[in-house]
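This report describes parts of one protein structure in short sections. Please look at the structure below before reading on.

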Amino acid sequence: MFAVNCSAAPLRATAAMVGTGKDREREGKLREDRERKSTRVLVLGGTGRVGGSTAIALSRMSLDLSIIVGGRNREKGGMMKDKLGEKSEFVEIDISDASALEAALADVDLVVHAAGPFQQEGKCTVLEAAIRTKTAYVDVCDDTSYSQLAKSFCERAVEANVPAITTAGIYPGVSNVMAAELVRLARDEAQLEPERLRFYYYTAGSGGAGPTILATSFLLLGEDVIAYDKGQRIKLKPYSGVVNIDFGKGIRKKDVYLLNLPEVSSAHQVLGVPTVSARFGTAPFFWNWGMVAMTSLLPQEFLRDRNKVKQMVEMFDPLVRAVDRIAGERVSMRVDLECANGRHSIGVFSHKRLSIAVGTATAAFVLAVLEGSTKPGVWFPEEIEGITVEARETLLNRVAKDTINFVMNSPPWMVETEPKELGLGIYV
């Protein structure tokens, strides 16, 4: 069907992908159908914090969209519909019901899968349904195993002419695109070969993102951290290896810890950087201490059990919400790229409210797919078949709106609040 390479191998150039006559005929019919009616987007998990934020962002960023909120709570669905206005509707749906899922997807142009958590989920039910119904797909997966499983459906998506992007939230998601741009600029403009890529994340409290994010954090503590050191895949203890990172204005210095996040594997595979790792930290400081204690005191089997983690979330949720009211929900991402000659460039994204930023980020990926940036197949955000080089600028401009700090391809000293001086006015 399409001449594409679905394996997440290092890419240096874009190969032309030309469809068959039958594919072009189908694409023409889809365009005609969409011209006759407004584009319909189904947001699964749309009554939750991430899905709801995505639905609201889509309604504000594109007035022409019809948004269908998918969820299991009719009361919350009605409230979300009222927020979104007349070009919205609610559909009660359980994503474990394959027939109901396919019926819901049959009448939409794109589905957003925001019904997490994705950890310990062994099937890509929504993606498979999207491929069967020939529906474009975006998910906010933040789990390494799930993202790699999703990627394995690439050839099936190509055959069905379905464009799909996995891990398309804020981090992973926007952070992947930032990394891809840093790598591209180093190779194409500076003619340098990247050696080390590091992702650093900070979120105050739970980021106002609710119990799903809390469950995700606990489940990640049950996973060995996968990182890459000079091309070698290594395993490390979760929430270890603390470093103090300067996120710049509005955030300043924060402690961050190793965590198993999917962008490490995808960036290593796609961008071909030999050394890659990811770290995350939160506030107040005692949350970090609590996470360290959990990894030391609780067996991994306990932290990998979704039912036990659900019980823990129910126990901790009232306390977390209380602290959130004091801590706020600021979020920051810093992506560091070091090259062979010592060149060090970074990208920084900081926002006052994660609950808004995550919706804006996911909506930006949705619009990129709807605007034709994504080829048929299942892609990571850093792959040019998922988000073209030209579309990256548009996406980053969309997510940068209302940030308190957004910087790309800058030396660290221009961003950090306390840069290091070597002497004679020279900073690093």
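Just after helix α10, Gly272 has a positive phi of about 70°. Helices (H or I, at least four residues) and strands (E, at least two) are DSSP runs, numbered from the N terminus. The model is predicted: local features need pLDDT of at least 70, side-chain atom pairs count only at pLDDT 80 or more, and totals for chains, interfaces and linings use all residues. Residues are numbered from 1 along each chain as its sequence is written, and side-chain values use heavy atoms, with hydrogens and water left out.

## The covered helix

Helix α10 spans residues 262-271, and nine of its 10 residues are buried (under 20% relative accessible area, with exposed over 50% and partly exposed in between; 1.4 Å probe, protein chains only). Among them are Pro262, Glu263, His268 and Leu271. The cover over these buried residues includes the helices α6 (144-151) and α8 (174-188), together with the strands β7 (194-204), β8 (225-229) and β12 (275-283). Contact here means heavy atoms within 4.5 Å.

## The open sheet

Seven strands make up an open, parallel sheet in the order β3-β2-β1-β4-β5-β6-β15; two strands pair if DSSP finds at least two bridges between them. Because β3 (88-92) and β15 (377-379) each have a single partner strand, one side of each is left without a neighbour in the sheet. From one strand to the next, the twist averages 15°.

Strand β2 (residues 66-71) is joined to β3 by five bridges, and Val69 has Phe90 of β3 as its bridge partner. Across β2 and β3 lies helix α3 (residues 74-84), running at about 170° to β3. Axes are lines fitted to C-alpha atoms, for helices over the stretch in contact, and angles run from 0 to 180 degrees between N-to-C directions.
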